[in-house]
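The entries below are in the order in which I looked things up.

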Amino acid sequence: MLKSKDLLGLRDATAEEIGLILDTAEEMKKKLNSPNKTSELLKGKTLVTLFYENSTRTRSSFELAGKYLGMTEINISASSSSVQKGETLIDTGKTLQSLKTDFIAIRHPMGGAPHLLAKTVGCSVLNGGDGMNEHPTQALLDMLSIREEFGTLKGLKVAILGDIKHSRVAKSNLFGLTKMGAEVWVYAPQTLIPRGFDELGAHIATSREQCVDGANAVMGLRIQLERQSGGLFPSLSEYSRFYGVNDAVMKHAAKGAIIVHPGPVNRGVELTPQLIDGESSRIEDQVTNGLAVRMAALRLLSEYREANL
């Protein structure tokens, strides 16, 4: 059983909790692949998706996860809510709690916002991405996709190339993968690697080839121009030339290596179209696995609530 009513990040999660979520996600995926995807497992429970930033994959998979489990699901966009009238996050949370909400999946541009909300409400809060901090369910679906391919995460090398500095995905993957026994290598322009990232357990490569050398999984990260003030690298074309992943770079990876990416992909920047659409790509599989992971998280948090709240 999970040790908290909330899923806020993987920094403080145990290997046992991560393994439990991945195992449960495998069960959920079997259900998704069956003729009848829906169940009444969480019938009577309510899920609210509260997104202060744009999203396609994360938001829609949380919504579908709730519906496939029999939940009542509603979504709230900050652009069309009382946030535009000046309502604070705490007041929004209290309102949702008063509406007898059981679960809130939140995405917010401020790091720590889900933690603040979780302290304020009795609902279970699931972090759908907070600023440049964490994105736990994305990392979990990445780990599920890699584990499906190789049967384990222990002893694998995972290479992450791209905008490490602004990536909540990179941080959650680093926390999760290392706890599960994988080795994480990263590569990017020095301006896109946060200070102290190696102290969290990452290996900082000095070249693309070193980063990818012997890697079982290679992850590209989107250049997040919306979080940058400019001047961190000359241009997207130069970034692609010197830091992007292509067929020549992938020749250094281990035999049978796979390509993963949290999406959306900037085609021809962090990854070439040939790799995105190639046989080694698991990018589309990751989307399905994201649905399974979020179903698993809702089920396990519901079990915690029933036992402890």
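I take helices as DSSP runs of H or I with at least four residues, numbered from the N terminus. The model I am reading is predicted.

Entry on Arg299 and Glu303. I found that their side chains form a salt bridge, with N to O at 3.4 Å. Because the two residues are 4 apart in helix 11, about one helical turn separates them. I looked up accessibility for both: Arg299 is partly exposed at 22% relative accessible area, and Glu303 is partly exposed at 32%.

Entry on the other salt bridges. I counted 10 salt bridges by the rule I used. I then looked at Glu26 and Arg147, whose side chains meet at 3.1 Å, N to O. Since Glu26 sits in helix 1 (residues 15-32) and Arg147 in helix 5 (residues 136-150), this pair ties together parts that lie 121 residues apart in sequence. Arg147 is buried at 14% relative accessible area, whereas Glu26 is partly exposed at 33%.

I noted a salt bridge between Arg282 and Glu149 as well, with the closest N and O atoms 2.9 Å apart. Arg282 lies in the loop between helix 10 (273-276) and helix 11 (283-308), while Glu149 belongs to helix 5, 133 residues away.

Entry on helix 4. I listed the buried residues of helix 4 (residues 113-120) as Ala113, Pro114, Leu117 and Ala118. Viewed down the helix axis, the buried residues fall within an arc of 135 degrees, so they line one face of helix 4. I recorded that their cover includes helix 3 (89-98), strand 3 (103-108) and strand 4 (124-130).

Terms used
Residues are numbered from 1 along each chain as its sequence is written. This is a predicted model: local features need pLDDT of at least 70, side-chain atom pairs count only at pLDDT 80 or more; totals for chains, interfaces and linings use all residues. Side-chain values use heavy atoms; hydrogens and water are left out. Buried means under 20% relative accessible area, exposed over 50%, partly exposed in between (1.4 Å probe, protein chains only). The arc is that of the directions from the helix axis to the C-beta atoms. Contact means heavy atoms within 4.5 Å. A salt bridge is a side-chain nitrogen of Lys or Arg within 4 Å of a carboxyl oxygen of Asp or Glu.
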